[in-house]
Amino acid sequence: VVTPGMVELGTLQYQRNRELAQQVNEVGGTLYAVGLTNRKALIDGGGSGVSLFLTRGDAVGAVNQVARSGDVILYENDLPDHYP
């Protein structure tokens, strides 16, 4: 999962992003967190299994290095870098 996290959720934003990271971790996925806006929530939910990137391009480059035939890549909330 490549994501800057979910935005515009008001008081639920931290919780929902933490839950997203937990769920990715629980199913054995890999989380590529982009930017800084939701970084803390994504780390809190995904722990050491979260890979951190400042830009979407950097995250996509890292995913492309490890993706294999049959892998599924979810670009969740694929925003440009509007939420640094």
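This is a predicted model: local features need pLDDT of at least 70, side-chain atom pairs count only at pLDDT 80 or more; totals for chains, interfaces and linings use all residues.
Local features were taken at pLDDT of at least 70 and side-chain atom pairs at pLDDT 80 or more, whereas totals for chains, interfaces and linings use all residues. Residues are numbered from 1 along each chain as its sequence is written, and side-chain values use heavy atoms, with hydrogens and water left out.

Secondary structure follows DSSP runs numbered from the N terminus (helices, H or I, at least four residues; strands, E, at least two). Three strands form an open parallel sheet in the order β1-β2-β3, pairing being assigned where DSSP finds at least two bridges between two strands. Strands β1 (2-3) and β3 (50-53) each have a single partner strand and stand at the edges, so one side of each lacks a neighbour in the sheet. Four bridges join β2 (residues 31-34) to β3 in the parallel sense; Tyr-32 has Ser-51 of β3 as its bridge partner.

Helix α2 (residues 39-46) packs on the sheet and touches β1, β2 and β3, contact meaning heavy atoms within 4.5 Å. The direction of α2 makes about 160° with that of β3. Helix α3 (residues 56-66) also packs on the sheet, with contacts to β1, β2 and β3, and its direction makes about 165° with that of β2. Axes are lines fitted to C-alpha atoms, for helices over the stretch in contact, and angles run from 0 to 180 degrees between N-to-C directions.

Gln-13, Asn-17, Leu-20, Ala-21 and Val-24 are the buried residues of α1 (under 20% relative accessible area, 1.4 Å probe, protein chains only). Viewed down the helix axis, these residues fall within an arc of 95°, and therefore line one face of α1; the arc is that of the directions from the axis to the C-beta atoms. Their cover includes β1, β2 and α2. Just after α1, Gly-28 has a positive phi of about 85°.

A nonpolar core is a set of buried Ala, Val, Leu, Ile, Met, Phe, Trp, Tyr and Cys residues joined through side-chain atoms within 4.5 Å. The largest comprises seven residues, Leu-20, Ala-21, Val-24, Leu-31, Ala-33, Leu-42 and Val-50. Both α1 and β2 give two or more residues to this core, and α1 gives the most, with three. Beyond its neighbours within four places in sequence, Leu-42 is in contact with residues including Thr-3, Pro-4, Asn-17 and Gly-47. A second, separate core of six residues includes Val-2, Val-34, Ala-59 and Val-63.

Terms used
Buried means under 20% relative accessible area, exposed over 50%, partly exposed in between (1.4 Å probe, protein chains only).
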